[in-house]
Amino acid sequence: MRRPLIAGNWKMFKTTGEARALVNGLKESLAGNNGVEVAFCPPFTALAAVAELVAGTPFQLGAQNLFWEDEGAYTGEISGLMLKDLGCCYVIIGHSERRQYFGETDEQVNKKVKAAFKHGLEPILCVGETLAQREAGETEQLVKTQVEKALAGVPAEAAQRIVIAYEPIWAIGTGRSSSGADAGRVTGLIRQTLAALYSPELAGKIRILYGGSVKPGNIEEFMAEPEIDGALVGGASLDINSFTGIVLYNTD
Ligand code: PGA
């Protein structure tokens, strides 16, 4: 059985003080365990503060990006070695905002995925189509290609630890989410792609999340889909009440 994962992608929000307040609040509000794994992905500057607060708790720490070299003259970059040293378990790779604003290519995403595995980090690989690509009927091919390129040369032992987040770009931060059925269909296609790349057994172990305007009011619709194993949450992960409502979606 795949354990559901709900990860908060804080993007470029929260100073260290704000990060501490959010995590302290969530540690209280999420005390009742409903079997869901929860990860916080703060900006680099708040990783150390959040690491201290989640040490010894069931909450996991994730980063939002990494560079593929371990160290060197790469001003402004952060390596997998450094993230592991800080206590990170996860690292988001290939988020559409990185692809769009920072020109990240599938080849760079592939290098980052390999660097994450090298340091024992579990990548949360983001894939998804733009509205124009969706309207042109390109979603399936695009998502398949993104998954194949990100995993090129990654052996099965590592690949089984990847998490994939299907995030249609038109649904991110827009308040316009995908329907559960449609997101379930694309996540199913991602699983088929993984089965073809590796094996159906391995594909059956990989968690595939949905992301894009997930809120307390629509999380159940996504979690009801058999192919969807959790959510990558942006805006709604910045607020104690809304993130709590998402994580505790199956409790009254
Ligand atoms: P959103 O962002 O929940 O604010 O739409 C999701 C994401 O970008 O990971």
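**Close-up views of the ligand site and a salt bridge**

View A. An oxygen atom of the ligand lies 2.8 Å from a polar backbone atom of Gly 235, a polar contact being a pair of N or O atoms within 3.5 Å. The model is predicted; local features need pLDDT of at least 70 and side-chain atom pairs pLDDT 80 or more, whereas totals for chains, interfaces and linings use all residues. Residues are numbered from 1 along each chain as its sequence is written, and side-chain values use heavy atoms, with hydrogens and water left out. A polar backbone atom of Ser 213 is 2.7 Å from a ligand oxygen atom, and a backbone N or O atom of Gly 173 is 2.6 Å from an oxygen atom of the ligand. Of the 280 Å² of accessible area that the ligand has on its own, the protein covers 95% (Shrake-Rupley method, 1.4 Å probe).

**View B. The shell around the ligand.** The ligand is surrounded by 13 residues, the closest being Lys 11, His 95, Glu 167, Gly 173 and Ser 213 (a heavy atom within 4 Å of the molecule). The shell divides into four nonpolar, seven polar and two charged residues; Gly counts as polar, and Asp, Glu, Lys and Arg as charged.

**View C. The salt bridge between Lys 11 and Glu 97.** The closest N and O atoms of Lys 11 and Glu 97 are 2.8 Å apart in this salt bridge (a side-chain nitrogen of Lys or Arg within 4 Å of a carboxyl oxygen of Asp or Glu). Lys 11 lies in the loop between strand 1 (5–9) and helix 1 (16–29) and Glu 97 in helix 4 (residues 96–101), so the pair ties together parts that are 86 residues apart in sequence. Helices (H or I, at least four residues) and strands (E, at least two) are DSSP runs, numbered from the N terminus. The structure holds 14 salt bridges.

Key
A polar contact is a pair of N or O atoms within 3.5 Å; within protein, one must be able to donate a hydrogen and the other to accept it, and residues adjacent in sequence count only if both atoms are side-chain atoms.
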